Amino acid sequence: MKGRKLLMIPGPIEFEPDVLQAMSMATTSHVAPDFIEAFGNSLECMRKVWKSPAGQPFIVAGTGTLAMDMAIVNLIEPADNVLVISSGYFGKRFEDILSRYGANTTVLEAGVGEAVSLDAIEEALKTKPYKALTMTHVDTSTGVLLDPKPIAKLAKKYNVLSILDGVCSVAGEELQQDKWEIDVVLTASQKAVGVPPGLALLMVSERAMQVWENRKTPVCNYYADFSNWLPIMKAYEARKPSYFGTPAVNLVIALETSLKIICNEGIDNRIKRHQQLASAFRAAIEALHLDILPKSNKLAANTLTAVFYPKGIDGAALRSKIAQSNVIIAGGLLSDIKNSYFRIGHMGSVSANDLLAVLGALERALIELEHPVAYGKSLEVFQQELLKNS
Ligand SMILES: *Cc1c(COP(=O)(O)O)cnc(C)c1O
């Protein structure tokens, strides 16, 4: 039997065959006309996916953490006040990065499975002049989805830059960067954008680019400095050769391929597919009497689901049984409760078939571990929900 595994973790994800094929092409020069075209197309296509016709896109070799690092190091100067709105592990990462660059951080930390309230955010914004606030659209450690709209509105009201970590949301959750007036929306290739790991992607508003231009101190990170990358992005978009650091040629070709797939499906259709599959999946999980981390469905992400292990079930044993069915899911990430839950990624090219396979493997594993579940119950509910919404 073919050892075909289904990768259902919140990144890296299953990639489209065309994207993988693009990865395996003969590497060209970074100034070859075809490559310049692919890079330029990718930058233009990003604006459609982010819904940011006015934004400045950046494509840089690195991971999502580099994208976070770039946003902070370019916009924040030592002693700037920054408000960190955290709903889990990746919210705290912003705090670490900000502290490293000498910012004064104030952290608003949500309870597990919750989001920080707008009142708490406004209270904090009233206390002192902040330069920026950071927020996590989907915190991959908890599966909590934030509504960035009203937070960005508050940021605007208090004249504060808004920085959104969209690593687990861009191309999977609703986003209208320009309309919602978010200054930076960043992501990485290996999540809902659907390209193997290795690219940091950012979209920066005109306002934020001005803040960067008016800095008083130099950007204290050479590789991440917009000064080095902005001319490169502008050159590729003008279809002109340029060089600062060698771009990840094959990854950029793969990015162009994936962004085209996304735009062909239509970004709105794609978001709707994520919402419908995620909501049917949550209903199926509920039918197994399992609890999810987010305190309500409204707070639940459409790109992944975080689920508590049922009482009496050994998490490692459950995950290993599921892995024996060739379905790969992820364990917990939030340190305090790491061993009490698991996570299933459902973003990018995810289909109903993939989630049926996950539910089948999960049911079998629970039954083998003598946890009482009715055969086929979650599959039945999943199918019913999908048909109801189709
Ligand atoms: C994965 C992830 C990151 C980190 O991305 P890397 O590519 O692993 O550096 C940051 N934020 C969120 C929300 C993520 O899901």
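Predicted model: local features only at pLDDT ≥ 70, side-chain atom pairs only at ≥ 80, totals over all residues.
Asp80 sits in the loop that runs between helix 3 and strand 3 (81-86).

Leaving out residues up to four places away in sequence, Asp80 touches Leu75, Ala103, Asn104 and Lys131. With Lys131 there is a polar contact between the side chains, at 2.7 Å. Asn104 is 24 residues from Asp80 along the chain, and the C-alpha atoms of the two are separated by 5.9 Å.

## The ligand site

The ligand has 14 residues around it, and those that come nearest are Thr63, Thr65, Thr140, Asp165 and Lys191. By class, this shell holds six nonpolar, six polar and two charged residues. Helix 3 (residues 64-75) gives the most to the shell, with three residues.

For Thr63, an N or O atom of the side chain is 2.6 Å from a ligand oxygen. For Thr65, a polar side-chain atom lies 2.6 Å from an oxygen atom of the ligand. For Thr140, the distance between an N or O atom of the side chain and a ligand oxygen is 2.3 Å. The ligand taken alone exposes 380 Å², of which the protein buries 89%.

## Helix 12 and the residues beside it

Helix 12 spans residues 315-324, and its buried residues are Gly315, Leu318 and Ile322. These residues lie on the same side of helix 12, because they cover an arc of only 65° around the axis. The elements they pack against are strand 12 (327-328), strand 14 (341-345) and helix 13 (352-368).

At the start of helix 12, a side-chain oxygen of Asp314 comes to within 3.2 Å of the backbone nitrogen of Ala316. Just after the helix comes Asn326, with a positive phi of about 65°. Asn326 is a residue other than glycine, and its place is the loop between helix 12 and strand 12. The relative accessibility of Asn326 is 17%, so it counts as buried.

Arg270 is part of helix 11 (residues 267-287). With 4% relative accessibility, Arg270 counts as buried. If residues up to four places away in sequence are not counted, Arg270 touches Ala171, Ala192, Ile262, Glu265 and Gly348.

Gln384 belongs to helix 14 (residues 377-389). Its relative accessibility is 45%, so Gln384 counts as partly exposed. Gln384 and Ala284 are 100 residues apart along the chain, and their C-alpha atoms are separated by 9.5 Å.

## Loop residues

Between helix 11 and strand 11 (304-308) runs a loop that contains His289. This residue is not a glycine, yet its phi is positive, at about 60°. His289 counts as exposed, at 71% relative accessibility.

Another histidine, His371, is placed in the loop between helix 13 and helix 14. At 17% relative accessibility, His371 counts as buried. Apart from its neighbours within four places in sequence, His371 is in contact with Pro310, Ile313 and Leu366.

## A cis peptide bond

The peptide bond that leads from Gly11 to Pro12 is cis, and its omega is near -5°. Pro12 is located in the loop between strand 1 (6-7) and helix 1 (17-23).

Key
Residues numbered from 1 in each chain as written. Heavy atoms only, no water. Near = heavy atom within 4 Å. Polar contact = N/O pair within 3.5 Å; in protein donor to acceptor, adjacent residues only side chain to side chain. Areas by Shrake-Rupley, 256 points an atom, 1.4 Å probe, with all protein chains shown as cover. Helix = DSSP H or I, 4+ residues; strand = E, 2+ residues; numbered from the N terminus. Nonpolar A, V, L, I, M, F, W, Y, C, P; charged D, E, K, R; others polar. Buried < 20%, exposed > 50% of the residue type's maximum accessible area, 1.4 Å probe, protein only. Arc of directions from axis to C-beta. Contact = heavy atoms within 4.5 Å.
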